[in-house]
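Reader: I would like to learn how to read the features of a model. Please take me through one.

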Amino acid sequence: MPADLKAMYEGILAACGGADNITTLGCCMTRLRFTVKDEALVSPDALRRVKDVAGYFYSGSQHQLIVGPSTAGKLAAYFNERHAFAPLNVSGIYIPPAPAPAPAEPEPGVGEVKTNKTAVRKKYSSRVSRACAVIGNIFLPLIPAYIGCGLILGITNILSKTLLANDPNLTALLGVFGNGIFFYLNAIVGYNANKEFGGTPALGVAFAGILNMPALSNVTLFGQTLVPGKGGVIAVLLVCWAGSWFEKRLRARVKGSAEMFLTPTLTVLGVGLVSLALIQPVAGWLSDQLALQTQNALKHGGVIAGALLGGSFLPLVMMGIHQSLVPIHQQLVDTLGSNPLFPILCMAGAGQVGASLAVLLKTKNNRLKTIVKNALPVGILGVGEPLIYGVTLPLFKPFIGACLGAACGGAVIAAFHVTSAIPFGVSGVVLFLALSNLHSVIFYGVGFLVSLVAGFAITWKMGFDDPPAEDEN
């Protein structure tokens, strides 16, 4: 059943000291986030007990409630329709005007794992995590288009070799729909990147256009014929970073009405020349090496490489560093035509589903059972945060079981060379519809089952500290 937004709204306000105590409020895909004036008025235990809340944690200056992908945006909108809260910034990080005293360290919803709380807090404080958050902010707005176009593209790849093998016209039409986002991808990435780096978004589109202009093939620079699109999204990101840096310094130096004309013109000319002469060749080399090294690792490392990649992905998600892999996924598709890395990493979700099923069958805590039941459906569909923060990570041992289960599945995926037709966007069982071919569909299923069963068995064998009855509603 859909979440009761009114009940959640009233419960959250009561647990955080009322609307007057909230300073900023926003959401990400699965969480409602807010900051408050007086931390002493906030009751973490009461927030955990709000109906339809799968988990709660405190990170940096934010209180974060895990409510699921279908509820987070609706709940934030419900709040904002009734109050004029200041929004969190685009990266979800609120920096208060003056440092406020940190609240007493809240107890986790279930279990006693200090490393859990430390790791989650670091998610929004380290420089590496902030850089990864910036990359995520560039690509996350593209997820709906990736999902829609990616699923069409994946299904078309399979149908073109089966039911539509004799219908090239319909196959071509579906291919047009499936490639819609990818045709203008670099321009959209350029817009988002320049905006995120602090430059003028439209200039990011111009930078991407310069790098991908077909007429480049008719131009020679330093004796070398230029190659349109060389370096892919990596080149776009690097050029936008350099362009934003240059543009901001120009704006600080050029005064008066001349600034309106000189800054964009000089930025396009200067950054355009540097991008073609230096940045694009370097990015092209990097993208080629990325594809080559990934292929070599999976070819020569085989099951070991798959196990290491699959088993290490959940900790990356926990720390927020997984967002830095998004341009790598895209570059692999641009270079190889498919992505051999993404299906391996998706085994993390399957391992976590298996571990959570073991928790569901073994726990005596009714509240924990409810949390698992609410989080499992979206976990199976590939949204893992409710299970990470609401179940496996607070209990810790199931988190280890999930990682080991993912390692087993990752080894299978690598051994049978499973590839996806899309860079990223959908995972879990939904990825079945976006794989490259029938071979990948079959062995992705094998890997998924191996991860699930291994995560279940390891977690069942390891056990966990079941939360006491007093933690229940």
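Reader: What percentage of the 473 residues in the protein chain do buried residues make up?

Author: Buried residues make up 49% of them. Buried means under 20% relative accessible area, exposed means over 50%, and partly exposed lies in between, with a 1.4 Å probe and protein chains only. This is a predicted model: local features need pLDDT of at least 70, side-chain atom pairs count only at pLDDT 80 or more, and totals for chains, interfaces and linings use all residues. Residues are numbered from 1 along each chain as its sequence is written, and side-chain values use heavy atoms, with hydrogens and water left out.

Reader: How many helices and strands are there in the protein chain?

Author: The protein chain has 19 helices and 6 strands. Helices (H or I, at least four residues) and strands (E, at least two) are DSSP runs, numbered from the N terminus. Contacts come next. Contact means heavy atoms within 4.5 Å. Take contacts between residues at least 6 apart in sequence: 74% join residues at least 24 apart.

Reader: How do I read the buried side of a helix? Which residues of α1 are buried?

Author: Look at directions around the axis. The arc is that of the directions from the helix axis to the C-beta atoms. In α1 (residues 5-15), the buried residues are Met8, Tyr9, Ile12, Leu13 and Ala15. They cover an arc of only 165° around the axis, which puts them on the same side of α1. Their packing partners are β1 (22-27), β2 (31-36), α2 (44-49), β4 (62-66) and α3 (72-82).

Reader: What happens at the start of α1, and what follows α1?

Author: At the start, a side-chain oxygen of Asp4 comes to within 3.3 Å of the backbone nitrogen of Lys6. After α1 comes Gly17, with a positive phi near 90°.

Reader: Which residues are buried in α3, and which exposed residues are on the face turned away from its buried side?

Author: Ala72, Leu75, Ala76, Tyr78 and Phe79 are buried in α3. Their arc around the axis is only 155°, which puts them on the same side of α3. The face turned away from that buried side carries the exposed residues Lys74 and Glu81. Cover for the buried residues of α3 includes α1, β1 and β2.

Reader: How do I read a polar contact? Which side chain does the side chain of Thr24 make one with?

Author: A polar contact is a pair of N or O atoms within 3.5 Å; within protein, one must be able to donate a hydrogen and the other to accept it, and residues adjacent in sequence count only if both atoms are side-chain atoms. Thr24 sits in strand β1. Its side chain makes such a contact with the side chain of Thr35, at 2.5 Å. Thr24 is buried, at 2% relative accessible area.

Reader: Where is Thr156, and which backbone oxygen does its side chain reach?

Author: Thr156 is in helix α6 (residues 143-159). Its side chain reaches the backbone oxygen of Ile152 at 2.6 Å. Thr156 counts as buried, with 5% relative accessibility. Neighbours within four places in sequence aside, Thr156 is in contact with Thr171, Leu174 and Gly175.

Reader: How do I describe two packed helices? At what angle do the axes of α11 and α13 cross?

Author: Two packed helices are described by the angle between their axes and the distance between the axes. Axes are lines fitted to C-alpha atoms, for helices over the stretch in contact, and angles run from 0 to 180 degrees between N-to-C directions. The axes of α11 (residues 232-253) and α13 (residues 326-336) cross at roughly 135° and come within 7 Å. α11 and α13 are therefore oblique to each other. Angles under 35 degrees count as roughly parallel, over 145 as roughly antiparallel, 65 to 115 as roughly perpendicular and the rest as oblique.

Reader: Which residues of α11 and α13 meet?

Author: Gly232, Val233, Ile234 and Leu237 in α11 meet Pro327, Gln330, Gln331 and Asp334 in α13.

Reader: How do I read phi? Where is Phe222?

Author: Most residues other than glycine have a negative phi, and most peptide bonds are trans. Phe222 is not a glycine, yet has a positive phi of about 55°. Phe222 lies in the loop between β5 (220-221) and β6 (224-225). Phe222 is exposed, at 71% relative accessible area.
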